[in-house]
Amino acid sequence: MKKILVLFLLLVLFTGFNFAADTVYQKSVLALYKSSEGQTKAENEIFFYLSRPLTDMGLKIIYWDIDRGLPGESVTKYSRAIISWFRGPSMRNPGDYLSFLDKMIEDGKKVIVLDNLGAYQDKITGEYMQPLRLNSTLARLGIMYHGDWTQDGSLLEITYKDSEMVEFQGKQKVEDSAFFYHFLSSDREMDTWLAINRSDKDYAPSPVIVTNRNGGFALSRYIYRVENGKVNLLLNVKKFLQQALFPDPVKQNIAILAESNNDKTLEVLSYTESVLRRAKIKYSIITSRDFRGMVPLDLTSFTSVGLIISSDNGLDPAILKQYLEGGGNLVSLINGRFDKLSPYLGIKENRRNIRTSTGYRVNKGFFTGEDISIADRHVEWDPGWGIPIDNAEILATDYSKRVPLLWKASVGNGNVLVWNWDSFVYGEFLGYILESFIYIQPVGVAATPALSIMYIDDWPLPMYNVIRSPITITDTEFYTNTWWPDIQKLLYDWNQPYSSYIIFNYNATTKPPFDTGEFFVAKGNVPTKLAYEELDNGIELGLHGYNHVSPTLQKSEINAFVWSSKEELEVGFTHAKNEWIRLLGEYSLPRTYVAPHNIISTDGIEVLHKVFPSIKAISTVRSGEGEERALDFGPNPDFPEIYMMPRMTSGYRFTSEIKSTTVSGIVGPGLWSHFIHPDDLFDPFRSDNKIWDKLKDDFGTMISFVRTNYPWLRPLNAYDGYLAMKKFDDTGVEFSFIENNLVVNTSETGLIFRTRFNGKKIKNITGGTLLYSYKSMDAAVIQADSSEVRVEFR
């Protein structure tokens, strides 16, 4: 298949068009004919040549005589495509007809034009349509009409043909077809199957048989030829229809089939969409409302398919069967009970009963990393009913290794990956979702911000010159002489910038007058001096709060004390701002903010933004429970000028849970976003009653793990991380698979992407730099040095 060069300049006229909506799933197509041209419902070319392949594809045909007028919504709403096969160039009100085709494409329906467009001329007035008006419609199919008609076959030559497509029952012969219009390509993603050149003209070849994401076009006299009274189809109409309706995937494109009436599946869908957007992966959502309109070929256009369904209800097994027989890649993201779908999920039978499982183990080889395995004994989860087939590869189990959690199986010519649990309702598993799609494809690819960000909450903080268990010196001495030097050295040794977040006091005052007396209790006014030191050394100093009361008006278990009004909250923030300016200078006003207890309300964001317009990013958590405000990365929905920068992990202890969430954050949203507190030592839960030296060693092990497995992460402070995330968000990316190449097109050089390529090896990279190649698996991380990167595999 050959891509014809696009003349992008001509697209300027059409940049305002929304070229297509989401795909429509219906089991009918609307076939248009003209009775004025001797056609009837049972005597027309669509009936003669297309009815059988369409029926074989599971589609019904609704015939409509366009001479009766345009079909209404009562007809079109049940159709997924409009197909025309007209013999002549004219009709009544051709402008209205072209607008009808535009509307159908905008509604997500395909449009397929065979033989004559039939709308070049008004049948009543005899006036020809202006090319500009014709092209506003034809451009949606990838071509633009520029006339220059000739029937002189001696001037014509074939410059490109896909013989399997256009020489089905005979050879293309331009001397016999002897028909030419000058068309230009206007879609870089269009597939050209036949292109004709006019030798007496100096312009690019004319694409006369094409398909694109909106349908297809095949010009008169290149579709069939009559020889000795017999019609020989030159166009392979079955293949043409399949490419126009169900094109082969070129770009990485994932379909997510999800139940739309189930809170659990909708939660999983929300996290799945979030992580796919963050990875710049194109995807389409097909909800259970659309299942009944699907036909077996509907998944053909996707490089992989995700299932977020808990039962067989509504989904025809033939759809998964067809997809897997064609070599598709399927990921099931939630447990359930499957009967009719079991053969396509690698399930041999269902259990008689199920019970809650505890803990899990993920084997080496699933996660990107150097032989990473994860074992967590604490997570509880409910398995599904299915028992995997005997030859399935078990990639994860419960902690006892008795209950399969994740398996991979070969089905037909494809592969399935099945998660047998219900835990993707929690945001800490975002990376598990994305890694599943990258893992199951022959070549999987994801863009990544590739960031390592460190937050030090409550620093500098009030110090009280008191001895607190488990230390035998004062808190002031511990912070200044032990904790702070150790943390500085550790982060310096690992070249990890950080941001610290000042807290002026820990009182529960939410009504004026406010004071910051606690901040000055420490011997030698240490907190203020530390703040000066950080500013002098170029360390980002952010705001944690006037006090540790969350900026919300809602009382809760954590927030025993709350702000009674937005006005009082504004006074509190204003006091903190004035104190900041007095102590540290207006020039240094904070640019990032960490919400106490990870809780901030919409009212709190509004007031914070009003008092501190310098603050551009707010951090809470990505996955929280109860009162913690879990928000996704990106502009705040209510205040888009504020960017949300949630943290993924916290603390010094490198537990199995922290390891899991760390890996999930890096292979999911694409960053290690971690925060620590100087006073964790004094909290039995956060410290696990360990002494500082042990906590410090654990923290060092954590950083070492991240740097060993993900050396390509870029260490930044919070504000620089915010700038990097904004730039990443604004970067356009496309991932394509052309022959044996992965092609990455990007609007920004410097984009980083990671790829897995099971059983392949990288032969060559052009336009990019290899940042890291994994030793224990077929995976690599690459940076774009130009707008197009090509990764050639062998």
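Pro460 sits in the loop between β27 (451–456) and α11 (475–493). Helices (H or I, at least four residues) and strands (E, at least two) are DSSP runs, numbered from the N terminus. This is a predicted model, where local features need pLDDT of at least 70, side-chain atom pairs count only at pLDDT 80 or more, and totals for chains, interfaces and linings use all residues. Residues are numbered from 1 along each chain as its sequence is written, and side-chain values use heavy atoms, without hydrogens and water.

**Cis peptide bonds**
- Trp459 and Pro460 are joined by a cis peptide bond, with omega about -5°.
- The bond from Ser469 to Pro470 is also cis, with omega near 15°.
- Pro470 lies in the loop between β27 and α11.

**The sheet**
- Nine strands form an open sheet with mixed pairing, in the order β16-β15-β17-β18-β25-β24-β23-β20-β21.
- β16 (282–287) and β21 (374–381) are at the edges with a single partner strand each, so one side of each has no neighbour in the sheet.
- Strands pair if DSSP finds at least two bridges between them.
- β18 (residues 329–332) and β25 (residues 414–419) pair in the parallel sense over four bridges.
- Leu330 stands opposite Val416 in β25.

- Asp371 has a positive phi, near 60°, and belongs to the loop between β20 and β21.
- Asp371 is partly exposed, at 44% relative accessible area (buried means under 20%, exposed over 50%, partly exposed in between; 1.4 Å probe, protein chains only).
- Ala450 also has phi near 60°, in the loop between β26 (444–448) and β27.
- Ala450 is buried, with a relative accessible area of 0%.
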